[in-house]
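The structure comes before my entries.

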Amino acid sequence: MRKQKEELWLKIIRILLACVFIFSGLMKAVDPVASAIKIDEYFISFGMAFMHPFSMFFAIMLNIVEFTLGFMLLFRIKVKFTSIIYLLFMIFFLCLTLWLAIAEHLETHYGYNFGVVKDCGCFGQAVEMSNLQTFLKNIVIMIPTLLILFKRKSIPDIHLTELGKWSFAFVGVIIVCGIQWYSYRHLPMIDFSNWKKGENVTETFIEKPAVKNIMFVYLNLTDSTVMNLTEDELMTISDKIPGFYEQYKYLDRKDSVISKLVRAKKDGFNMLDTAGSDHAFEILNVKNEAPVMLLLIHDLDEVNEKGIKQPILKKLVEDCQKQGIVFVGLTNSSQAEIAKFKEMYHLTFPVYQNPIDPIKGPFMVRDAIRSNPGLILIQKGVVKDKWAWRDFPTYEEIQ
């Protein structure tokens, strides 16, 4: 019997299509929490907020299916079966993204409010795409999907027994599950956030106030000479010239702008105390030489108690305070919840608030680190390192 041979053009299409699915599944698998958040956004958009407890399950399963389909097609495992599942998968997402593209168009141009998810999340956070772009992308992907389906009999399966084929497919499942397990328990294997190591967060999130030079002009009543004084000089002038205010008369004040106000690239990050004062610029200022340990707890009600109670965290706080390292907390929860939380866990460091709209966000704290709680080390405005609560370091380890 003549051995079946795959045509070159078909092999190229198959490999490219498989790689798209592997890449898509992998980019979401490296951050399963982000995938769950995106699924949750879809649930809310479709009026299914009650499905929130299942967001993580559906996210993990979607990533497994997508990656494994690509893995099976790449290695020609059960091609006939895989090509049919590919088609069903693409039909579902083609219909979904068609609706999302139409809904977004109606929202933008006709004032409808569907609460549509703007970024599809099909490639995780690696590639941002609008709903229209995603729909067009799915149309393009549907073409090779149909070609693979129609030519499935021309693509020979890998030369293995039936059990061997399914066992090999299970290898793909193990790979993607392992990546998701590690990323969920620790931090994403690839960090796409604005708080990744080496990122200057002050340039992105901190507003730089305008700097003015203020000069006070005084006239010498004796010889009519003019003296220009800065604010600091004016504070101590009486020590240098006794009777200054009797000898000199105030004429004018001259203000000049040294540097203009620079708005943050992304609005919504602040660190408010109980009086409503924002400490973000003061703490994360690039001119601040002292390192800053920032404990992020996006929701105090959902914090992992093991993480907040562990002795290593208490010891780290004590050591940082002794060594002059700023240690502060930040959460999206209310000031009343913060006060109760600090009392419950006997926290000795300030915990600031980043207030958000619970539906619209912006979810600065949650997006900065996937662990709840999580820890970020910042120096001169740059992220030096970050840890999930399971990996909290000792003071010696951060040196």
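Is Arg 253 buried, partly exposed or exposed? I found that Arg 253 counts as partly exposed, at 41% relative accessibility. Here buried means under 20% relative accessible area, exposed means over 50%, and partly exposed lies in between (1.4 Å probe, protein chains only).

Before going further, I noted that this is a predicted model, in which local features need pLDDT of at least 70, side-chain atom pairs count only at pLDDT 80 or more, and totals for chains, interfaces and linings use all residues. Residues are numbered from 1 along each chain as its sequence is written, and side-chain values use heavy atoms, with hydrogens and water left out.

Entry on salt bridges. I applied the rule that a salt bridge is a side-chain nitrogen of Lys or Arg within 4 Å of a carboxyl oxygen of Asp or Glu. By this rule I record 16 salt bridges.

Entry on Arg 253. I looked up its partner and found Asp 255, with a salt bridge of 2.9 Å from N to O. Asp 255 is partly exposed, at 42% relative accessibility.

Entry on Lys 165. I found a salt bridge between the side chains of Lys 165 and Asp 157, at 3.2 Å from N to O. Lys 165 is buried, with a relative accessible area of 11%, whereas Asp 157 is partly exposed at 26%.

Entry on Arg 370. I saw that its side chain meets that of Asp 367 in a salt bridge of 3.5 Å, N to O. Arg 370 is buried at 13% relative accessible area, and Asp 367 is partly exposed at 29%. I also traced a network of salt bridges that links Asp 31, Arg 366, Asp 367 and Arg 370.
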